[in-house]
Amino acid sequence: RINLGTDWHLSDQVLSVHFIKGDLIERMDHQARVAQANTAAQEFSKLYYETFDKRRQAISKLYKDKASAVWNGNAVSGSEAILKFFDKLPASEHNVEGLDTQPIVTGSMDSENSNSIMVTVFGKVKFKDADTNAFTQTFVLSAADNKWKIISDTFRFVG
């Protein structure tokens, strides 16, 4: 070790700088993951609500086979059951007013869903022959074969 005239030694300083660089790299990686999650969430939410409103018969393609959904307290499991539930709803028009997203930390999901993001959307929806309602919807999306698929979906009218 080379004494630099302080309590720091060259070997300690190199380790400290490495730690700082490692922390900086980790923060930059996290920022990149957040940016990627934001882009994915914007694109996905546009696709989801266009599909729900205009091509609802194709909505099950956006869900993993074993996905779960809770729609205003009504629990449904499996992409085909989710489609059957949604088919019973009247025609709709969603207006997304905002969304937020974050990557889910690796290790908090099983290995099959380790590349996942959570997306929270809020806006207004008008169902045929009903008043416009504010809503919030939270998705957990998992990347598989370069496509985002819903593994969990929770929808609730607000107010």
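Select histidine 94 and aspartate 53 to start: in this predicted model, the side chain of histidine 94 makes a polar contact with the side chain of aspartate 53 at 2.7 Å. Histidine 94 belongs to strand β3, which covers residues 92-103, and with 13% relative accessibility the residue counts as buried, because the cut-off for that label is under 20%.

Next, colour the aromatic rings, for which a search of the whole structure finds 18 pairs. Take phenylalanine 44 and tyrosine 48, whose ring centres are 6.3 Å apart with planes at 25 degrees, so that the pair is stacked. Both sit in helix α1 (residues 10-54), where being four residues apart separates them by about one helical turn. Phenylalanine 44 is buried at 6% relative accessibility, and tyrosine 48 is buried as well, at 1%.

Move on to tyrosine 63 and phenylalanine 86, where the centres lie 6.4 Å apart and the planes meet at 55 degrees, so this pair is tilted. Tyrosine 63 is in strand β1 (residues 63-71) and phenylalanine 86 in helix α2 (residues 79-87), so the pair ties together parts 23 residues apart in sequence. Tyrosine 63 has a relative accessible area of 2% and is buried, as is phenylalanine 86 with 1%.

Finally, zoom out to the whole protein, which has two helices and six strands in the order α-β-β-α-β-β-β-β along the sequence. Of its 159 residues, 33% are buried, and the accessible surface comes to about 10,300 Å², with 53% belonging to carbon and sulfur atoms.

Methods. Residues numbered from 1 in each chain as written. Predicted model: local features only at pLDDT ≥ 70, side-chain atom pairs only at ≥ 80, totals over all residues. Heavy atoms only, no water. Buried < 20%, exposed > 50% of the residue type's maximum accessible area, 1.4 Å probe, protein only. Areas by Shrake-Rupley, 256 points an atom, 1.4 Å probe, with all protein chains shown as cover. Polar contact = N/O pair within 3.5 Å; in protein donor to acceptor, adjacent residues only side chain to side chain. Phe/Tyr/Trp six-rings, centres within 6.5 Å; stacked < 30°, edge-to-face > 60°.
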